[in-house]
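Here's a quick briefing on aromatic contacts. Have a look at the rings first, then read on.

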Amino acid sequence: MPIISENSGWNHPPALRPTGLFVTDLDGTLLRSDRTFAAADLEALRRLGECGVVRVLATGRSLFSFEKVRTPDLPLDYLVFSTGAGLAELPSGRIVRAQSLDPAEVRCACEVLRALGLDFMVQRPIPETHAFGFHASGRTNPDFDRRIALYARFAFPLDGDAAGFGPATQLVAILPPEGPPETLPEVRRLLPELTVIRTTSPLDHRSTWIEIFPASVSKSRTTGWLADRLGIPPARTASVGNDYNDLDLLDWSATCFVTANAPPDLRQRYPVVATNDDCGMSQAAGLWLEKLRIDQ
């Protein structure tokens, strides 16, 4: 679990102490369905910054994938990427923290996924997370095939002993929509020493991705590490998300919201704001600022 750098500053003037920390997910939360950012959401982020709030984007995307949608006017201070395996300052992109699975953990996880007959990828360590080896079961799996096609320049078949792969940021197993529901709990049972996270495919929005990380990795752990470094108390944190890989972050923050496009069970569990296409992020930010009276 190497740390590239622990020298984490804050992008605002030294005289301005952080008054809080606000975290938003990307796909399905801040990013609209047409892969653009709403002007109202960008304005809400700017307002948070003016109020002295540290603005964090927490995503399952790699740095490479994040750069595909990033715009020059995106007002953020930090990026939690690869579901917490990495942390970077923005806008510089300097990597502050990076964690990885060691070769023995990679080999064990590969053996479990192969034994379960799953299609999966093993992703290179940060910052090369977009490069991966893949193992195909031979069954029909369009979402798996689509991801390989999207990253064709960086994808290669896994051959031989998986330990020869070396360290890895994560493994991703892709289950078709009709996949057996017992697969996720079985992976968790067989890999109790690792973090196993469920998320909905950002490609077809129907398949299930099972992501495997070191035990210390999650959106909430990395965000919590950052909050501690910046001296921000838990009571002054908030988050907004839309999917199952946001659960630990939502439970960690003192105030949390899910967008109206989140799955029904999440909408029953957490306060709901508007959809990602209707500026739910800015609504969440406004409600939180009002609650803390930061802007008064």
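Predicted model: local features only at pLDDT ≥ 70, side-chain atom pairs only at ≥ 80, totals over all residues.

Residues are numbered from 1 along each chain as its sequence is written, and side-chain values use heavy atoms, with hydrogens and water left out.

**Aromatic pairs**
- There are six aromatic pairs in the structure (rings of Phe, Tyr and Trp, the latter by its six-membered ring, with centres within 6.5 Å; planes under 30 degrees apart are stacked, over 60 edge-to-face, the rest tilted).
- Phe64 and Tyr151 make a tilted pair, because their ring centres are 6.2 Å apart and their planes sit at 50°.
- Phe64 is in helix 2 (residues 63–69) and Tyr151 in the loop between helix 4 (142–150) and strand 8 (155–157), so this pair ties together parts 87 residues apart in sequence (helices, H or I of at least four residues, and strands, E of at least two, are DSSP runs numbered from the N terminus).
- Phe64 also pairs edge-to-face with Phe154, at 5.2 Å centre to centre and 70° between planes.
- Phe64, Phe132, Tyr151 and Phe154 form one aromatic cluster.

**Burial**
- Tyr151 is buried at 11% relative accessible area (buried is under 20%, exposed over 50%, partly exposed in between, using a 1.4 Å probe and protein chains only).
- Phe64 is partly exposed at 26%, and Phe154 is partly exposed at 21%.

**Charges over rings**
- Arg147 lies over the face of Phe132, 5.1 Å from the ring centre (NZ of Lys or CZ of Arg within 6 Å of the centre and within 35 degrees of the ring normal).
- Arg124 lies over the face of Phe165, at 4.3 Å from the ring centre.
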